[in-house]
Amino acid sequence: MIELQGIPVSPGVAIGPALVLDTEGYRVPNILVPAGEAEGEFTRLYHACKAVGSRLRENQASTSAAAGEDTGNIFAAQLQMLNDPRLHTELRRRIQNDHESAAYAVNRVLQNYAGALRRLANPLLADRAEDVLDIEKQLLFELGAVSRPPLADLTEPTIVLARTLTPSETANLDRDHVQGFCTETGGSGGHTAIVAKGLELPAVVGIGRFIDAVSNGTLIIVDGDRGRVVVDPDEETIASYRKRRKARVSLSERLAELHELPAETADGVRVRLSANIEFPHETKAAVARGADGIGLYRTEFLYLSSEEEPSEEDHYNAYSEVVRAMHGRPVVIRTLDLGADKMGHRPLAENEHNPCLGLRSIRLSLRNLDLFRPQLRAILRAAVHGDIRVMFPLITTIAELRQARMLLNLVAEDLKDADVPFRSDIPVGMMVEVPAAVIMLDMFAKEVDFLSIGTNDLAQYTLAVDRGNEYVADLYQSSDPAVLRLIQSCVKISKSSDVPLSVCGEMSSMPGRALLLLGLGVRSLSVPPSAIPTIKKTIRSVSITRCEEIAKRAMTLEAAREVDMYLLNQIAELVPELVVE
Ligand code: PEP
Ligand code: MG
């Protein structure tokens, strides 16, 4: 039995056999091919190249149609590499003279090419290295030397172990079979973590190197509450985790009984408790748990979870589905927050050394109007079906906000001219996620109908710490006093300017930090559907007066760790039911 510690990102306990995803390149064995069999290897290679070539041509055509010729040409360049006579001469030489199999020769030659390109330390050429490796992977699939990631055809309950999982890979995990996952990299604020929570999939990330030592089928326990992973547990450990899993289930059954009761404090203050969603189907969980609305719909997941770039109709259908499912309750649609760790179908920004400080989110939308316009049109069209509000992410300057608003107006005029049914008087809000927005908030407040603090990014940009990086995970705390002061300042400006404010970062879904937010004056929280029962229980167990006392004390503390210790003690005293041993 081995116990590993990582970062807990999605609560719950999962127990099951491991499925190890080797995402770190392919190990192709060097099996010598006798001279007499070389001809057979040439034929196999020929057919593999033909298959990969025709797929690249298909990709080029479909991508050019969807995203323009420039983007489609990525595949034309790959095709050129695949057909490069020097490549074929080298492959033939290795098969003929060195008696290598076609797969091994492909693996060696293309890995060498990629390595040489990377060593040139030119970011443009480093990107070409990725293209070379892509061709290698496709040829190896065709040659049957490596199998495609086995995630598509799972038949048994499984715990996925991977070096890393992207947000879109996580979004596409087969929920019927994948019980939980753990990764070597990642931090608590990354989007992979957020998707895991949305899927209610117990998960631990940032464990460090370990998967090489685990084989498929080994029993794994994922403790998403405490960030622990147990490999090959003994009977006693399995029994204790089963007990804990049972205790969690009975706690959630008890909390489920609260779903019809309002999120109201013991001294009668009503708090708006909404849900954060990534997919339309999550509205079901949100409604079942009594959400007051959708406080954050992360629409970029429409991009990340589909094979093709969504059309205006895809946007419209998704938003209509969400707003109808919420039966008149408000739905805040956040416009695309692509970039950084959430990449779309086409390279929207290339060679960024610092993608988190680069062309992401509203910046990216404003530079790619063919991406942004269809979304805005769809939002205004879907608004005829209910209470839709639009929110722009990562607003840093007034100019960005004005540009986004102007575009919304232009899109409304187009719809009007074309006689398409729509509503243009929808509330427009912005996310407060960068210190600049907090510093200038009095100005911003004059130009929006509502504000929502994204504490995940606000912590990242205030503390200069990558939210998805395991090496600095201890520094990534929304309870850091610096972040708390910024939140306090936002509440003050929201009150003085009479613009409603909500908090939709992960901080709101942590019971202790939620108490603190209430004490600072926040009256609207948005959390993943899975967290609604616990946060409602927390709200109903305290008075605002007590929360204010807690906030007053917390604001005198010097470090996130002190704040969290203090809040943990308060929760143990005020809502002891939430503490599962
Ligand atoms: C945030 O930054 O707090 C937020 C809610 O947005 P996201 O996590 O999608 O970046
Ligand atoms: Mg954000």
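Predicted model: local features only at pLDDT ≥ 70, side-chain atom pairs only at ≥ 80, totals over all residues.
Reader: Where is His191 placed, and what does His191 touch?

Author: His191 sits in helix H7, residues 191-198. Leaving out residues up to four places away in sequence, His191 touches Pro167, Asp341, Lys342 and Arg467.

Reader: What makes His191 and Cys504 a set?

Author: A UniProt record, an unreviewed entry, places the feature "active site" at His191 and Cys504. The two are spread over 314 residues of sequence, yet they cluster in space, with a largest C-alpha distance of 14.0 Å. The lining of the largest cavity takes in His191 and Cys504.

Reader: Where is Cys504 placed, and which residues is Cys504 in contact with?

Author: Cys504 lies in the loop between strand S15 (501-503) and helix H19 (511-520). Neighbours within four places in sequence aside, its contacts include Asn276, Met431, Gly454 and Ser526.

Reader: What does the UniProt annotation "binding site" cover?

Author: According to the unreviewed UniProt entry, the annotation covers Glu433 and Asp457. These residues are spread over 25 residues of sequence but cluster in space, and the largest C-alpha distance is 5.2 Å. The lining of the largest cavity includes Glu433 and Asp457.

Reader: How do you know whether Glu433 is buried or exposed?

Author: Glu433 has 2% relative accessibility. Buried means under 20%. So Glu433 counts as buried. Its place is in the loop between strand S13 (428-432) and helix H15 (435-439).

Reader: What does the side chain of Glu433 reach?

Author: The side chain of Glu433 reaches the backbone nitrogen of Leu394 at 2.7 Å. Neighbours within four places in sequence aside, residues in contact with Glu433 include Pro393, Asp457 and Tyr461.

Reader: What makes the pair of side chains of Asp457 and Arg360 a polar contact?

Author: The pair is at 3.2 Å. A polar contact needs N or O atoms within 3.5 Å, one able to donate a hydrogen and the other to accept it. So the two side chains make a polar contact. Leaving aside neighbours within four places in sequence, Asp457 is in contact with Arg360, Leu394, Glu433 and Arg467.

Notes. Residues numbered from 1 in each chain as written. Chains lettered and ligands numbered in written order. Heavy atoms only, no water. UniProt positions renumbered as here; feature names shortened; annotations may be inferred. 1 Å grid on protein atoms, 1.4 Å probe; cavity = no way out; pocket = protein on both sides within 12 Å on 5 of 7 lines; lining within 4 Å. Helix = DSSP H or I, 4+ residues; strand = E, 2+ residues; numbered from the N terminus. Contact = heavy atoms within 4.5 Å. Buried < 20%, exposed > 50% of the residue type's maximum accessible area, 1.4 Å probe, protein only.
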